[in-house]
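Please read them with the structure open beside you.

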Amino acid sequence: MKNKIKKNPQGKYITSSRSVLQRAKKYKAFYLMALPALICLVLFHYWPMYGIRIAFYQFGLGGIKDFIGLENFKELLKSVTFHRAFSNTLIISSVSITLQLFAAIVISLLINEISYVRFKRTVQTVIYLPHFLSWVITASVFYLFLSPENGLVNSVIRLL
């Protein structure tokens, strides 16, 4: 059954749509491709929210005991160690963000001053490499270059 185009009383065109099952059959390949993303979304974003309920209950080794509401949060805010840990986290995060931003700007300006294009691209590739590869692969590549026994850099130094 094909969509039929009709005019409504306001003069706009409307289409009569197929049933949900007909559309599901037609687009089943797309739904199957979207299924892994949907599973990941539910598994890693919605399922952990089920565990949030523990914060509102008295919880012990025997499991969940009684609903106590916001009492756990009140106790947390009274704790001196929480305030210290929270302020340390804020300080470390702000210093880290500031230093990383400053370092990124300085490195960008220094790379921009390199006039030899081939060397400039090589430096850019080495700097951006960790963002595109796994840390394990990146560490392995740098180990191959910098290995004391048979690394590329040390081999070149020994030849000189």
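1. I begin with the salt bridge, in which the side chains of lysine 74 and glutamate 71 meet at 3.5 Å, taken from N to O. Please bear in mind throughout that this is a predicted model. A search of the whole structure finds 1 salt bridge, and the pair of lysine 74 and glutamate 71 forms a salt bridge.

2. Both partners belong to helix H3, which covers residues 71-78, and lysine 74 and glutamate 71 are 3 residues apart there, about one turn of the helix.

3. For the overall layout, the protein has 7 helices and 4 strands, and, read from the N terminus on, its elements follow the order β-β-α-α-β-β-α-α-α-α-α. How many of the 160 residues count as buried, as a percentage? The figure is 5% of the 160 residues, where buried stands for a relative accessible area under 20%.

4. Leucine 35 counts as partly exposed because its relative accessibility is 41%, and a residue needs over 30% relative accessible area to be part of a patch.

5. Which residues line the largest pocket? They are Ala103, Ala104, Ile107, Ser108, Ile111, Asn112, Gln124, Ile127, Tyr128 and His131, and the space in this pocket comes to about 190 Å³. By class, the lining of the largest pocket holds 6 nonpolar and 4 polar residues, with no charged residues.

6. Finally, on where that lining comes from, helix H4 (80-112) and helix H5 (117-132) each supply at least two residues of the lining of the largest pocket. Of the contributors, H4 gives the most, with 6 residues.

How values were computed: Residues are numbered from 1 along each chain as its sequence is written. This is a predicted model: local features need pLDDT of at least 70, side-chain atom pairs count only at pLDDT 80 or more; totals for chains, interfaces and linings use all residues. Side-chain values use heavy atoms; hydrogens and water are left out. Buried means under 20% relative accessible area, exposed over 50%, partly exposed in between (1.4 Å probe, protein chains only). On a 1 Å grid over the protein atoms alone, a cavity is a set of points where a 1.4 Å probe fits but cannot get out, and a pocket is an open set with protein on both sides within 12 Å along at least five of seven lines; lining residues have an atom within 4 Å of a point. Grid points are joined across faces, edges and corners, and a volume is the space filled by probe spheres set on the points. Ala, Val, Leu, Ile, Met, Phe, Trp, Tyr, Cys and Pro count as nonpolar, Asp, Glu, Lys and Arg as charged, and the others, Gly among them, as polar. A salt bridge is a side-chain nitrogen of Lys or Arg within 4 Å of a carboxyl oxygen of Asp or Glu.
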